[in-house]
Amino acid sequence: MSKFLNELEAKELLSAYGIPMASSQLAKTKEEAGKMAKETGFPVVMKVLSADIQHKTDAGCVFIGVKTQEEAESVFETILEHAHTYNPKAVIDGVLIQEMAPAGLEVIVGMKKDPQFGPVILVGSGGIFVEVFQDVSMRLVPLTPQDAKEMLQETKLYQMIQGARGAVYDEVVLVDILLKVSELLRQRPDIEELDINPLFLYEKGKGAKGVDALIRLGDKTK
């Protein structure tokens, strides 16, 4: 039987493998939310933390650009109200207080498990229109550095990375992230599904940062 990790658990697992993720803290009360938001530094992103609510935006449970301690406390209560309305049976772990990472080139890095071939890694253009553009390339696990580079070259995203709009983005960092995801999947055969979307890729030398993550686990014996 499969189960979703909550977003904080997913980010902690990815971070443990050296995949750069936006810093996050879990608030269980509105007072904690206000304090943590201040500690993180305004503005912040706030979103519900629940393995039972994967589509947080659809649930009205994501707030971007929260600017004050008082606003953070109010948003905390609003998020819980929206979450309970969206899914009354959801187990709510709290509210995630996340740094508001600077926008970059939006990338998706993910994995689906093929019934015949096993884990398949994908990379391509990310963001909210990922299903519209369908600009992705795929390979079986494990990846070699050459595999990772060829995957990128097969996407329209690669033109952007190479400077189609003037800025040249950090291809080396993205290749490294793909290899780290491959190693994670090799060591964790119980992972059935994985999505980092969006992963913000920054200009050359400035790295990358994942701002949202989804991981679904299956049976470890499979």
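This is a predicted model: local features need pLDDT of at least 70, side-chain atom pairs count only at pLDDT 80 or more; totals for chains, interfaces and linings use all residues.

Which residues line the second largest pocket? I looked up the lining and found Glu-106, a run through Ser-125, Gly-126, Gly-127, Ile-128 and Phe-129, then Phe-133, Asp-135, Lys-156, Leu-157 and Met-160. By class that gives 5 nonpolar, 3 polar and 3 charged residues. The space inside comes to about 170 Å³.

**Entry: the largest pocket.** Here I get about 1,300 Å³ of space. It has 36 lining residues, and those closest to the centre are Gly-127, Ile-128, Asn-197, Pro-198 and Asp-212. Gly-127 and Ile-128 I had already written down for the second largest pocket.

Which elements supply at least two residues each to the lining of the largest pocket? My list has strands E3 (44-49), E4 (62-66), E5 (94-99), E6 (105-114), E9 (191-201) and E11 (213-217), plus helix H4 (130-133). E9 gives the most, with 5 residues. I also checked the classes: 19 nonpolar, 7 polar and 10 charged.

**Entry: the sheet.** E3, E4 and E5 turn up again here, in an open sheet of 4 strands ordered E2-E5-E3-E4 with antiparallel pairing. Why is one side of E2 and of E4 left without a neighbour in the sheet? Strand E2 (24-27) and E4 stand at the edges with a single partner strand each, so one side of each has no neighbour there. Ignoring direction, neighbouring strands are turned by 25 degrees against each other on average.

I then followed E2 to its partner. E2 and E5 run antiparallel and are joined by 4 bridges. Across this pair, Leu-26 stands opposite Leu-96 in E5.

**Entry: helices on the sheet.** Helix H1 (residues 7-16) packs on the sheet and touches E2, E3 and E5. I noted that its direction makes about 45 degrees with that of E5. Helix H3 (residues 69-86) packs on the sheet as well, touching E2, E3, E4 and E5. For H3 the angle I wrote down is about 170 degrees, taken against the direction of E4.

**Entry: H2.** Which residues of helix H2 (residues 30-40) are buried? I find Ala-33, Gly-34, Met-36 and Ala-37. The spacing made me recall the helix rule: an α-helix has 3.6 residues a turn, so residues three or four places apart point the same way. The buried residues of H2 pack against E2, E3, H3 and E5.

Definitions and conventions:
Residues are numbered from 1 along each chain as its sequence is written. Side-chain values use heavy atoms; hydrogens and water are left out. On a 1 Å grid over the protein atoms alone, a cavity is a set of points where a 1.4 Å probe fits but cannot get out, and a pocket is an open set with protein on both sides within 12 Å along at least five of seven lines; lining residues have an atom within 4 Å of a point. Grid points are joined across faces, edges and corners, and a volume is the space filled by probe spheres set on the points. Ala, Val, Leu, Ile, Met, Phe, Trp, Tyr, Cys and Pro count as nonpolar, Asp, Glu, Lys and Arg as charged, and the others, Gly among them, as polar. Two strands pair if DSSP finds at least two bridges between them. Axes are lines fitted to C-alpha atoms, for helices over the stretch in contact, and angles run from 0 to 180 degrees between N-to-C directions. Contact means heavy atoms within 4.5 Å. Buried means under 20% relative accessible area, exposed over 50%, partly exposed in between (1.4 Å probe, protein chains only).
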